[in-house]
Amino acid sequence: MKKLLCAMLAVLMSLLVCSCGNGAAASEGKPSAAPNPAPEEPAEKPVEISIGHIYAPTHAIGQACDLFVQKVNELSGGSIKAVVYPSSQLGSESEMVEQGALDMTISGGGMYAGYNPAAAIFESLCMFTTAEQQKQIIDDMGGLDFFNEVMADSNFVAVGWMSGGARNVLSNKPIRTVEDFKGFNIRVPDNKVYVDIFNALGCNPTIVAWSEGYTAMQTGMVSGIEAGTETLATANLQEVSKYYTITGHINVTNFCSMNQDVWNNLSAGQKEAVLAAMKEANDFQRELSEENEQVYQELFTDSGIEIIHLSDSDMTALQQAVSGLVIETAEEYGYADRVGELRSCLG
């Protein structure tokens with residue numbers, strides 16, 4: 001009996017030692033207190049941006065918009081999804097601007113005059129300029145900031161710009177001299193600057209939506225249509241034309257503007273993503289546009305279009321007939337000094 005009690009005590013002591021040992025081992029493997037978890041960065045609120053423009057997807061502006069969609073998604077960590085509606089899917093150029101409610105619009109400066117009449121100065125700002133001079137005016141001399149100053153009370157904020165190229169005249173009747181413009185029926189956008197230019201040349205400017213320009217030329221409603229070479233070619237207007245007169249009357253600045261409310265609702269990081277993505281898209285577009293100028297002029301020639309270069313004397317007469325409109329427009333809205341500064345690079 002005594003031996004049995006001793007054996008039982010030995011077993012109990014063994015169990016007690018094992019239990020204490022396991023507990024100690026377990027406690028050695030645990031930290032004394034769990035640290036507070038690191039706070040997580042709040043996720044950006046997802047945003048979808050709709051972009052409307054009148055250009056074909058194959059146009060340099062269309063391709064640049066596709067690049068912007070890709071880059072803004074990457075740079076925003078996926079929080080911004082942009083969707084492009086090309087080829088006037090959301091309306092004509094003037095309709096898209098005048099709505100003022102689209103998330104982003106890409107349109108020539110003067111088209112914003114339908115919303116704020118003073119914006120007309122941005123169409124004539126780059127009248128008779130080269131691509132280099134246009135870039136100097138808008139990028140180096142603060143043209144983009146000037147646009148935002150003028151449009152401060154509107155529903156737009158420009159986040160970048162793209163070039164529409166130098167505008168020339170595609171026609172069914174040859175324009176070989178300035179005199180040939182007299183009585184000429186030409187399609188123009190719903191834009192006072194273009195109406196004034198061709199009135200000054202003695203034309204009959206006819207306002208037609210861009211999406212209806214092909215039909216207007218095909219039916220003889222107008223005898224000519226003016227725009228950049230790439231813009232004309234990607235709309236296949238060479239199919240209904242015979243002549244292309246190089247005038248370079250305006251180097252178009254297309255402002256990439258966002259709805260103010262949409263812009264203001266973006267986080268600081270998302271705004272940085274938009275600006276960085278737009279800068280990359282803008283640089284890509286302007287380089288591609290310059291490369292395409294020669295490509296599309298060659299396409300015109302291959303399509304049987306006669307390319308006409310005005311004589312030096314006719315180009316001088318053309319410029320003298322319309323150049324005064326720049327200052328007149330600027331004076332009308334009280335911006336003559338500022339416009340003069342921006343155009344001072346032209347000599």
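## Aromatic rings and cysteines: a short briefing

Welcome to a predicted model, where local features need pLDDT of at least 70, side-chain atom pairs count only at pLDDT 80 or more, and totals for chains, interfaces and linings use all residues. Residues are numbered from 1 along each chain as its sequence is written, and side-chain values use heavy atoms, leaving out hydrogens and water.

**Aromatic pairs around F147**

- The whole structure holds 10 aromatic pairs, meaning rings of Phe, Tyr and Trp (its six-membered ring) whose centres lie within 6.5 Å; planes under 30 degrees apart count as stacked, over 60 as edge-to-face and the rest as tilted.
- F122 and F147 make an edge-to-face pair, because their ring centres are 5.1 Å apart and their planes meet at 65°.
- F122 lies in helix 4 (residues 121–124) and F147 in helix 6 (residues 143–150), so this pair ties together parts that are 25 residues apart in sequence. Helices here are DSSP runs (H or I, at least four residues), as are strands (E, at least two), numbered from the N terminus.
- F122 is buried too, with a relative accessible area of 2%.
- F147 also pairs with F255: the centres are 4.1 Å apart and the planes are at 15°, so these rings are stacked.
- F255 has a relative accessible area of 0%, so F255 is buried.

- One aromatic cluster is formed by Y112, Y115, F122, F146, F147, F156, F255 and Y335.
- A member of that cluster, F146, has the charged end of R338 over its ring, 5.1 Å from the centre. A charge sits over a ring if NZ of Lys or CZ of Arg is within 6 Å of the ring centre and within 35 degrees of the ring normal.
- R286 lies over the face of W161, at 3.9 Å from the ring centre.

**Cysteines**

- A search of the whole structure turns up zero disulfides (pairs of cysteine sulfur atoms within 2.5 Å).
- C65 is in no disulfide, and the nearest cysteine sulfur, that of C256, is 6.8 Å away.
- C65 is buried, at 1% relative accessibility.
- C126 is buried, with a relative accessible area of 1%.

Conventions. Buried means under 20% relative accessible area, exposed over 50%, partly exposed in between (1.4 Å probe, protein chains only).
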